[in-house]
Amino acid sequence: MLPSWFVLFKDGEPDNINFTRKNIYYGCVFQNSLEYIVKEKNSCIYEEIIMGAETWWRNTTIYQIYPRSYYDTTGNGIGDLVGIISKLDYIKELGFETIWFSPFFDSPQADFGYDVSDYYQAAPEYGTQDDIFLLIEEVHKRNLKVVFDLVLNHTSDQHSWFLESRAGLGNPRRDWYIWRDGKGKKPPNNWKALPGGSGWHYDKTTDQWYYASFLPFQPDLNFRNPQVKKAMLDMVKFWLDKGVDGFRLDIFHSIFKDEKFRNNPPSRHFLPYNDEAGFFQEYKYTVNQQETLAFAREIRELIVSYRPERFLLGEIFASDEVKRDYLGQNQDGLNLVFLWDLPDARVTAAELRRVIEKYETNFTDPYLPVYVLGNHDRKRVLSRVGGNINLAKLLAVLIFTVRGIPVTYYGEEIGMLEGNSPIKTCLDPVGQRYKNVPSFLLNALDLYVNRDGCRTPMQWDPGKKAGFSETDGKLWIPLASNYLEQNVEKLESNSGSILSLYKDMLQLRKSSPVLITGDLKLLETPADVLAYEREIPGEKIGVFLNFSARERQIVTILPVEKVLYSLSSIDLGGDSIYLPSFSAVIIRYK
């Protein structure tokens, strides 16, 4: 039976329904987990189905906020929830549709929120539980979606569960975490933590070792205990009931470990490799276990019972084949997974073409690639391209015009640079583990371990504290160096700014069905130029990006009907496009 809202169509209920996902751009809804594809009858079909569909997450754009660094209203130099609420109109006006919030739950802040001590309360420096409820309400008032960052793999060592667990061998919550006897004075096996070093930590009180996939103060939960799984799913359900629209799942690939506690085999990789290997060890028995794949389907089964539909975005480190397994062969696992080729790629036309080619090969429809340039664990994009704002602009054009879901980390839209916090005095607990390693060696190995630099306060204006805080004291972390030039107030009035580009791209994407659902075809081009077409029946557009410092000529097979967007003045001559240096143009063919 078709949903009742089909009567809204001018022509009544559409006919010719089939059950394939081919030509998804015609429109779709989910009903009882069954997808209906509806053939196009008029433009009304697109408006009603695609723009308001249950599958909204397939069409969305995501903006990530690091709450500690967004806006401070209390004067303590730390961002807070009320501050975020006061800036929601800015995000709405930018044109984003979904906001992902890094953790603001109660925490000792040893890893700045990724060490949770209470999944139901806000950290006092950020606000209260009522502030969380108000945040959800205010986001929805603006017709935006809310995504919470959930750390399921581990808790803080200050969580009441762990305090009970380590209190004694007979404690009812002892089995809520992963405890094992050692081998004499040595750990139970050779399992390493993802940032390096042993993942096992000795507890004198009970003469046993507990396991932590990440840092010592973040003990892993034991998901083989049904009580643990129930407690975590109950928490997920609590926030779903409060209206949260989706979850970003932190290091989800680590949820289960080998039940037999077998030693991980050796590896030739010293540097971390996809979190599948590192420090000369293959993480065969500590990540991407079959039980974790099954758990992905279990969480999906929970969220599909909610309307409007919710979604899951997994932080997974694995091969593309394994990532597809997390999504499910029948699309019954996680909805989306992060892909890391783009933030790791050199910014050249050839390298970016390789990334798109890889995504298009390994994540064909109905799978969707996720295009991300940076986040709270990655070096700022503008610093990664040597401060070249033109390259940063080209990358922005790319993520909003390829087939997939674009994710923007706060500050990318204004071209924020990496902060300059020396590793010897850094706040980042990962960086602290490497503070005695010479900086030149870290740079030579391309190890990004001091994440302070990508977490600096949002730059709202050129004032003393960049408009982030009115405190007379110190900010929780120093500002990036370019806040006088690259800030919201200054860029808003500049039509040629990167901020204006983000607004233009978001508006173009919203108004262009072909950019949301069209097929993608890479084109052959001169060196230093990346080009591709997006197409739906009746419309084809071309996207051309020149990564060279010189003008490039592009020969087009089809005549140009209209220039939809250009980064600079574009010369159209007959069947050719002349692209200035570091420029982009989006055209509609006749």
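Is Pro108 buried, exposed or partly exposed? Pro108 counts as partly exposed, because its relative accessibility is 43%. On this scale, buried is under 20% relative accessible area, exposed is over 50%, and partly exposed is in between, with a 1.4 Å probe and protein chains only.

Before going on, the ground rules. This is a predicted model, so local features need pLDDT of at least 70 and side-chain atom pairs count only at pLDDT 80 or more, while totals for chains, interfaces and linings use all residues. Residues are numbered from 1 along each chain as its sequence is written, and side-chain values use heavy atoms, with hydrogens and water left out.

On confidence: pLDDT is the predictor's confidence in each residue, from 0 to 100. The mean pLDDT of the protein is 90, and 90% of its residues reach 70 or more. Residues 1-52 have pLDDT below 50, yet this stretch has 100 contacts in the model beyond near neighbours in sequence. A contact here is heavy atoms within 4.5 Å. Where pLDDT is low, the predicted coordinates should not be read in detail.

Back to Pro108. Pro108 sits in the loop between strand S6 (105-106) and strand S7 (118-122). Helices (H or I, at least four residues) and strands (E, at least two) are DSSP runs, numbered from the N terminus. Leaving out residues up to four places away in sequence, Pro108 touches Asp115, Ser117, Ser156 and Gln158.

Now the sheet. Eight strands make an open sheet with parallel pairing, in the order S16-S15-S12-S8-S5-S4-S18-S17. Strand S16 (336-337) and strand S17 (370-372) stand at the edges; each has a single partner strand, so one side of each lacks a neighbour in the sheet. Two strands count as paired if DSSP finds at least two bridges between them. Strand S12 (residues 246-249) runs parallel to strand S15 (residues 311-314), joined by four bridges, and Leu249 stands opposite Gly314 in S15.

Helix H4 (residues 129-141) touches strand S5 (98-101) and strand S8 (145-150), and its direction makes about 145° with that of S8. Helix H12 (residues 389-401) touches S17 and S18, and its direction makes about 145° with that of S18. For these angles, axes are lines fitted to C-alpha atoms, for helices over the stretch in contact, and values run from 0 to 180 degrees between N-to-C directions.

What covers the two faces of strand S4 can be read from burial. In a regular strand the side chains alternate between the two faces of the sheet. In S4 (residues 62-65), Ile62 and Gln64 on one side and Tyr63 and Ile65 on the other are all buried. S4 pairs with S5 in the parallel sense over four bridges, with Ile65 opposite Phe101. S4 also pairs with S18 in the parallel sense, over three bridges, with Gln64 opposite Tyr409.

In S18 (residues 405-409) we find Thr408, which is buried at a relative accessible area of 0%. Among the residues Thr408 touches are Ile62, Tyr63 and Gln64, together with Phe96 and Tyr502.
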